[in-house]
Amino acid sequence: AHRKVLEDGLRDPAVPVRQAAVEALRGIGDQPALAQALAHIAVKDPWPHLRAASLEKAADLPPSRFAPLLENASRSAHPMLREKAIRIAASRDDVASAEVIKARLEDPGETPKNLELAAYAAADRCLVGATEALFQVLVRGAQPVPPPELLFSAAAAAKALGAIGTKEARDLLEKAKRRSNLVTDRAIDAALDSEEPGCAEGSPSL
């Protein structure tokens, strides 16, 4: 009976009812109807905050079912949904999530805040395959007079390249420094001066 109430709540036309149903979910388990209703909210609901909440709940689904939902959210027109996708992808250990992080870094229209989050996620996940994308984020902020909003994402990208630590990553840090500013110079210096071994040693490319 409880499952049927949740199922009906997820499909209810009233936003507060759908929201209450999403918040009440405590694991989907082997319940296809609930999973389908939740996936519908994650992709189709007109309210971004509900889509974000349902995406978080849907993370319990098998990876093959969750990956398309995560990818869809990561390409949403709503920055909040893309932010949620990045945060979830950072906490997972699969190729689909790594591709979401890399795609956000490669998107020139992504917000500075989300670029910063994606750069830190790339460092945490040691995404060697995101090296070039991180460099592009870095050079956008590593200019003599950069747009102020790009400084934090550029500094995060420098830190991520340092954490990855491959020869390519370090060469790109040096290259970026040639046209940098005080803030990104410091971030690049810190990344290059680190005595910690790069996380890429023995790690996969994505």
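Biologist: How close are the nearest N and O atoms of Glu106 and Lys102 in their salt bridge?

Modeller: Side chains of opposite charge can pair when their charged atoms come close. In this predicted model, the salt bridge of Glu106 with Lys102 has its closest N and O atoms 2.9 Å apart.

Biologist: Where do Glu106 and Lys102 lie, and how many residues separate them?

Modeller: Both belong to helix H7, which spans residues 95–106. Glu106 and Lys102 are 4 residues apart there, so about one helical turn separates them.

Biologist: Is Glu106 buried, partly exposed or exposed?

Modeller: Glu106 has a relative accessibility of 44% and therefore counts as partly exposed.

Biologist: How many salt bridges does the structure hold?

Modeller: The total is 13. One of them joins Glu110 to Arg104, with 2.8 Å between the closest N and O atoms.

Biologist: Are Glu110 and Arg104 buried or exposed?

Modeller: Glu110 counts as buried because its relative accessibility is 4%. Arg104, at 3%, is likewise classed as buried.

Biologist: Which residues do salt bridges with shared partners join into one network?

Modeller: The network consists of Arg82, Arg104, Asp107 and Glu110.

Biologist: Which residue forms a salt bridge with Asp94?

Modeller: The partner of Asp94 is Arg92, and their closest N and O atoms are 3.3 Å apart. With a relative accessible area of 16%, Arg92 is buried, whereas Asp94, at 21%, counts as partly exposed. The two labels follow from a cut-off, because buried means under 20% relative accessible area.

Biologist: What is the handedness of the link between Cys126 and Cys199?

Modeller: The link is right-handed, with 100° about the S-S bond.

Biologist: Which parts of the chain does the pair link?

Modeller: The pair links distant parts of the chain, its cysteines being 73 residues apart. Cys126 lies in the loop between helix H8 (112–125) and helix H9 (131–141), while Cys199 lies in the segment after helix H12 (182–193).

Biologist: Are Cys126 and Cys199 buried, partly exposed or exposed?

Modeller: Cys126 counts as buried at 7% relative accessibility, whereas Cys199, at 27%, counts as partly exposed.

Methods:
Residues are numbered from 1 along each chain as its sequence is written. This is a predicted model: local features need pLDDT of at least 70, side-chain atom pairs count only at pLDDT 80 or more; totals for chains, interfaces and linings use all residues. Side-chain values use heavy atoms; hydrogens and water are left out. A salt bridge is a side-chain nitrogen of Lys or Arg within 4 Å of a carboxyl oxygen of Asp or Glu. Buried means under 20% relative accessible area, exposed over 50%, partly exposed in between (1.4 Å probe, protein chains only). Helices (H or I, at least four residues) and strands (E, at least two) are DSSP runs, numbered from the N terminus. A disulfide is a pair of cysteine sulfur atoms within 2.5 Å.
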